[in-house]
Every structure is written in structure tokens, then in C-alpha cells.
Amino acid sequence: MQPSKRDVRISQYFSRNSIQFSLRSKTKKHVLSELVSLLPVEATSKNVILEILRGREELGSTGIGKGVAIPHCRSAVLPELMLVFGRSKRGIDFGAVDDNPVHLFFLIASPPIEVFNLYHPVLGRIVEVVRDKRTRDRLMEVEDAQGFLKLTEEVLA
């Protein structure tokens, strides 16, 4: 049986090293590279993932509006579902649906087949949670990985 969005404990897929509070990038192309660099996989795999993400963005932006983007992909080079969080206080033109700059990035990377089939439930849960302005505000204010992980435990569970 596939888990529902509410059963997914998203916080467990982040690590302290997959969180960046001050993205340096100024363009969509570069922010994707910066986010992928935080994945705990070898350089060759990162290159493959980056190309897949760029191709996905050509189909349509994963900038969902309200300052949030959720770039996502599946690739056989990944051993398991992985999540990255990045924040840009300045904001990045990501071609979001509302044409506003993106400040909060959630990268989802997963193998094509995973034991618990969490790719879509994780994506759905993140979309659901970031709709709340208070949550977005808290994500903009959190200062360290411990605070971020605590926040994700509260709101993303």
C-alpha cells in the first residue's frame, strides 16, 4: 500500500549538508547547479541529475509561485530519495508561475523505482505545506540546520 502525503516523514530525507541558507546564485541555471552540489552523490551522478533537471525546467518551470520552487527528477544514478533545501534572501528569477522571484527551493531527487514509492507523496506534501504563508515566513527566518530540521519535523513531519 502506498503511503499518503500525511504519512510521509519528509524531515528524514534532509541532512545538515543538504541545507543551504544563503544561495549565491543569481540565475536559474546556476541555482540548479548549486542545489545539485549539495546532493551526497559522486560528481558524475551530479552531472546526470543536473542535465535531467535542466531538461525538466525547459518543459516548464517548477517555480510554483509565492517565492517557492520545487525542482524534481528521477534518475537511476540515485540510490534513494534525497532532498535539498536552499534559500535566497535576494530571490532568483526562476520563471515561476506568478513571475515573482523564488526564495525557497526544495530539490527532490529519486531513483525511478523506490521501495516505498515516496516521490509523489513527498512532492505533494511540500506543495501542501508551503501554501501556508506562516510556514514560508518561518523558512525565510530559520538560521541554522538544527532549526530547519526542527521546523520540517513540525510542518512536514
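A: Asparagine 117 is found in the loop that runs between S6 and helix H3 (119–130). Helices (H or I, at least four residues) and strands (E, at least two) are DSSP runs, numbered from the N terminus. The model is predicted, so local features need pLDDT of at least 70 and side-chain atom pairs count only at pLDDT 80 or more, while totals for chains, interfaces and linings use all residues. Residues are numbered from 1 along each chain as its sequence is written, and side-chain values use heavy atoms, with hydrogens and water left out.

Although asparagine 117 is not a glycine, its phi is positive, at about 50°. Most residues other than glycine have a negative phi. With a relative accessible area of 32%, asparagine 117 is partly exposed; buried means under 20% relative accessible area, exposed over 50%, and partly exposed in between (1.4 Å probe, protein chains only). Aspartate 99 is not a glycine either and has a positive phi of about 65°. Aspartate 99 lies in the loop between S5 and S6 and counts as exposed because its relative accessibility is 69%.

Next comes strand S6 itself. S6 is mostly covered, with eight of its nine residues buried. Which strand does S6 join by seven bridges? The partner is S5, and the two run antiparallel; strands pair if DSSP finds at least two bridges between them. In this pairing, methionine 82 stands opposite alanine 109 in S6. Strand S4 (residues 72–74) and S6 pair in the parallel sense over three bridges, and histidine 72 has isoleucine 108 as its bridge partner in S6. Strand S3 (residues 68–69) is also parallel to S6, joined to it by two bridges, with valine 68 opposite leucine 104 in S6. In a regular strand the side chains alternate between the two faces of the sheet.

The whole structure holds seven aromatic pairs; rings of Phe, Tyr and Trp (its six-membered ring) pair if their centres lie within 6.5 Å, and planes under 30 degrees apart count as stacked, over 60 as edge-to-face and the rest as tilted. One of the pairs is phenylalanine 14 with phenylalanine 106, which is edge-to-face at 6.5 Å centre to centre and 65° between the planes. Phenylalanine 14 lies in the segment before S1 and phenylalanine 106 in strand S6, so this pair ties together parts that are 92 residues apart in sequence. Phenylalanine 14 counts as buried because its relative accessibility is 7%, and phenylalanine 106 counts as buried because its value is 2%.

The rings of phenylalanine 14 and phenylalanine 148 have their centres 5.1 Å apart and their planes at 85°, so they too form an edge-to-face pair. Phenylalanine 148 lies in helix H5 (residues 145–155) and phenylalanine 14 in the segment before S1, so the parts tied together here are 134 residues apart in sequence. Phe14, Phe21, Phe85, Phe106 and Phe148 form one aromatic cluster.

Helix H5 also holds glutamine 146, which is exposed at a relative accessible area of 54%. Glutamine 146 and arginine 16 are 130 residues apart in sequence, yet 7.6 Å apart in space, C-alpha to C-alpha. Further along, glutamate 153 is in helix H5 and partly exposed at 36%. Leaving aside neighbours within four places in sequence, glutamate 153 is in contact with Arg9 and Ser11; contact means heavy atoms within 4.5 Å.

S6 is also among the elements that cover the buried residues of H1, along with strand S1 (19–20), helix H2 (43–59) and strand S5 (82–92). In H1, Val31, Leu32, Glu34, Leu35 and Val36 are buried. Glutamate 34, in helix H1 (residues 28–36), is buried yet has no salt bridge. A salt bridge is a side-chain nitrogen of Lys or Arg within 4 Å of a carboxyl oxygen of Asp or Glu. The nearest side chain of opposite charge to glutamate 34 is arginine 24, 4.4 Å away; Lys and Arg count as positive and Asp and Glu as negative, while His and the chain ends are not counted. Not counting residues up to four places away in sequence, glutamate 34 touches Gln20, Ser22, Leu23, Arg24 and Ser25.
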